[in-house]
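Please read the following briefing alongside the sequence and the coordinates. The points are grouped by topic.

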Amino acid sequence: MKMRKCIYCKEYTFKEICQKCNRKTINPEPPKFSPQDKYGKWRRKLKLGE
Ligand SMILES: [Zn+2]
């Protein structure tokens, strides 16, 4: 079973329908990368280049 999220009340639930809003929940996907990681990579690259 996967965690789902209601975009209306922002509550996490395992159900396909939010019991609070009675609306369909979504399956939130984890972000593929975080902007902070990207900058960290750049910083490392710049340091290596020096
Ligand atoms: Zn809801």
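Is Tyr-12 buried or exposed, and why? Tyr-12 counts as exposed because 11 other C-beta atoms lie within 10 Å, where exposed means 12 or fewer such atoms around the residue's own C-beta, buried means 20 or more, partly exposed is in between, and C-beta atoms are placed from the backbone. This is a predicted model, in which local features need pLDDT of at least 70 and side-chain atom pairs count only at pLDDT 80 or more, while totals for chains, interfaces and linings use all residues. Residues are numbered from 1 along each chain as its sequence is written.

**Overall architecture**
- The protein has one helix and two strands, which follow the pattern β-β-α along the sequence; helices (H or I, at least four residues) and strands (E, at least two) are DSSP runs numbered from the N terminus.
- Of the 50 residues in the protein, 6% are buried.
- Among contacts (C-beta atoms, placed from the backbone, within 7 Å) between residues at least 6 apart in sequence, 3% join residues at least 24 apart.

**Surroundings of Tyr-12**
- Tyr-12 belongs to strand E2 (residues 12-13) and, leaving aside neighbours within four places in sequence, is in contact with Met-3 and Lys-5.

**Positive phi outside glycine**
- Lys-10, in the loop between strand E1 (4-5) and E2, has a positive phi near 65°, and is exposed because it has 8 C-beta neighbours inside 10 Å.
- Asn-22, in the loop between E2 and helix H1 (35-49), has a positive phi of about 60°, and counts as exposed because it has 9 C-beta neighbours inside 10 Å.

Key: Two residues are in contact if their C-beta atoms, placed from the backbone, lie within 7 Å.
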